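Trainee: I have a model open and some questions about it. Can we go through them one at a time?

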Number of protein chains: 2
Amino acid sequence: MTPDVQLLLKSGAALTDQALERLLPSPDTSPHSIHRAMRHSTFAGGKRLRPILSIEATRMVLGSQKLDAAAAELGAALEMIHTYSLIHDDLPALDNDDLRRGQPTCHVVFGEATAILAGDALQTLAFQTISRLSCPPAATVAILAAVSDAISTGVGADLPGSLPYGMIGGQVMDIESEGVKASAELVERIHRSKTGALITVSVVAGGHLASASEDTITRLRTFGEKAGLAFQIVDDVLDMTQDSAQLGKTAGKDTASDKATWPSIFGIDQSLHDANELIADAFAALEPFGAAAAPLKSLALYLTTRKN
Amino acid sequence: MTPDVQLLLKSGAALTDQALERLLPSPDTSPHSIHRAMRHSTFAGGKRLRPILSIEATRMVLGSQKLDAAAAELGAALEMIHTYSLIHDDLPALDNDDLRRGQPTCHVVFGEATAILAGDALQTLAFQTISRLSCPPAATVAILAAVSDAISTGVGADLPGSLPYGMIGGQVMDIESEGVKASAELVERIHRSKTGALITVSVVAGGHLASASEDTITRLRTFGEKAGLAFQIVDDVLDMTQDSAQLGKTAGKDTASDKATWPSIFGIDQSLHDANELIADAFAALEPFGAAAAPLKSLALYLTTRKN
């Protein structure tokens, strides 16, 4: 990790956290339980990767930081969505996880009913936040369409300008594939849906905020898709090769639950090779932006060389 | 009920159902389970009151049916949100209802995990639908802001143009108030939040779709707030006075669960008197629209004279 990336991560996370602090209802606002639950999970130590990708995409397109306030709010909205998906994923009826990043999960602290509603409310707050972004209405509508498609069941593909994969669709496929021998195609589809779609749309939405051209949006989407898939492949490899202390979460979970992952199908060496190829493709998509693309490129590199 | 209202309800429900049929992913689209779960609950016999209010608000402002295709899609989005809230409300961790409108609830048929995700996906699909409405981007943004506020925890009040009550906030207060002696103020706040906010925003969003003026939006909001509260009061009265066969759902549930309701605090006579006063206020708000307001007025009257 170069010092540059450490700075990018740190300053991007700080910018996002300030926006989240401002946008999330205070823990003293009635009804208290849900607002405390929303904050508990949002401020549980996430790296803010999606907001940082979104903020850097906006900066790259603009060539400046002049939309940083709106970019931070858009980033906060993306993090609210990510948090909502984690809260619901951790529920007893789904993954039944008691711990995340070393902290008790939302339903453990606040009960299942409040956790379900806190997830619901974080999705809603993300759209409230998008509705108030300081940008032209046409940019807001483009962000709304792209983000809502990306977190859908993955059926927006026949709609113009939409993504062919959706986060909830990925979660459903993930649940359905447990204990089943999954094909390489299914593993790729799950990855592109469950984690890839939100990562991709983070980059794309950052571009829309800056009213990017259609060609630029296409390039950002390619970058996001490639980097997002590489990120998930590396995540799977880390789950197999690192111990829980290094990861900050339970290692070896995929193997224990007999989950089909990239390395379980292709092996670790091939997986790391694939991740590197994807990063090369991601870099190529941003070629026309020259030096302005350096932050997004170093983030992509970080995603595939990190150790946790 | 006048023949007029029966026709309004029937034709509005048909228009909404056609839009829902088109917008909801086919049951044969992968991943199947979630798409079937979304359809199971959406097509479980709802009256489509929120879409019909929204469609009639658009027609009243325009003085024509020329936006009917978009109005039906907006109505469908509102019904998706209503359905998502019912699916999550019925979950074992919340109301634990096995039946709704005489049919098994979503988690009974598809399991809890799929029901949670189907609710999530219906909220998302509502926003995907709003993002594609055929109207000026500024109208879409106004609809997005109003709808997302109305289904929030109720904290949008400090934001310009937002509603002070939110659906999820109402659900949380409802859960928290069980077994507690609730004040009249709390019962009113729960009603205005849990059911009132979505009914109100249905009327308001219909106005935004027609690019209504600020004064018209204020009048529509007053109409929706008054009619929505009257609707909930009558709902509480019906729960106390009708049997399950007449209601099509379990009667006496509020009394059995010791839930604070309008008639439990004020008595049945006073409740019906209050509902009538609210309807008079709702009518007054639409005075300037003359005969064009007749459909919305007869819907409001229907809401307070229905027997189930």
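What follows is a set of questions and answers on this predicted model.

Trainee: Which helix of chain A gives the most to the side that touches chain B?

Mentor: Start with the contact itself: 44 residues of chain A meet 44 residues of chain B. Helices 2, 6, 7 and 8 of chain A each supply at least two residues of that side. The one that gives the most, with 12 residues, is helix 6.

Trainee: By class, how many residues on that side of chain A are nonpolar, polar and charged?

Mentor: The side of chain A that touches chain B includes five charged residues. Its polar residues number 15. The nonpolar count is 24.

Trainee: What relation holds between chain A and chain B?

Mentor: Superposing chain A on chain B takes a rotation of 180 degrees, with 0.0 Å of shift along the axis and an RMSD of 0.0 Å. The relation is therefore that of a two-fold axis.

Trainee: Which residue of chain A comes closest to the rotation axis?

Mentor: Take the C-alpha distance to the axis. The closest approach in chain A is 2.7 Å. Both copies use the same surface, as 100% of the contact residues of chain A recur in chain B. The residue closest to the axis is A:P137.

Trainee: Which residues have the most contacts inside the largest nonpolar core?

Mentor: That core has 194 residues.

Trainee: Are helix 2 and helix 6 of chain B roughly parallel or roughly perpendicular?

Mentor: Their axes come within 9 Å and cross at roughly 75 degrees. The contact joins residues including B:I34, B:A37 and B:M38 of helix 2 to residues including B:A115, B:A118 and B:A121 of helix 6. By class, this contact has eight nonpolar, three polar and no charged residues. From the angle, helix 2 and helix 6 of chain B are therefore roughly perpendicular.

Trainee: And helix 14 and helix 15 of chain B: roughly parallel or roughly antiparallel?

Mentor: They pack at about 170 degrees, with axes 10 Å apart. Among the residues that meet are B:I279 and B:F283 from helix 14, and B:A300 and B:L301 from helix 15. The contact has six nonpolar, two polar and one charged residues. Given the angle, helix 14 and helix 15 of chain B are therefore roughly antiparallel.

Trainee: Is A:D149 buried or exposed?

Mentor: A:D149 sits in helix 7 of chain A. Its C-alpha atom is 9.5 Å from that of A:L198, 49 residues away along the chain. Burial needs 20 or more other C-beta atoms within 10 Å. A:D149 has 29, so A:D149 is buried.

Trainee: What is omega for the peptide bond from A:S30 to A:P31?

Mentor: Most peptide bonds are trans. This bond, from A:S30 to A:P31, is cis. A:P31 lies in the loop between helix 1 and helix 2 of chain A. Chain B also has a cis bond, joining B:S30 and B:P31. For the bond in chain A, omega is near -5 degrees.

Trainee: Is A:N96 buried or exposed?

Mentor: A:N96 lies in the loop between helix 4 and strand 1 of chain A. Its phi is positive, about 55 degrees, although A:N96 is not a glycine. With 11 other C-beta atoms within 10 Å, A:N96 is exposed.

Conventions:
Residues numbered from 1 in each chain as written. Chains lettered and ligands numbered in written order. Predicted model: local features only at pLDDT ≥ 70, side-chain atom pairs only at ≥ 80, totals over all residues. Contact = placed C-beta atoms within 7 Å. Helix = DSSP H or I, 4+ residues; strand = E, 2+ residues; numbered from the N terminus. Nonpolar A, V, L, I, M, F, W, Y, C, P; charged D, E, K, R; others polar. Least-squares fit on C-alpha atoms with pLDDT ≥ 70 in both. Axes fitted to C-alpha atoms, helices over the stretch in contact; angles between N-to-C directions. Parallel < 35°, antiparallel > 145°, perpendicular 65-115°, else oblique. Core = buried A, V, L, I, M, F, W, Y, C linked by C-beta atoms within 7 Å. Buried ≥ 20, exposed ≤ 12 C-beta atoms within 10 Å, placed from the backbone.
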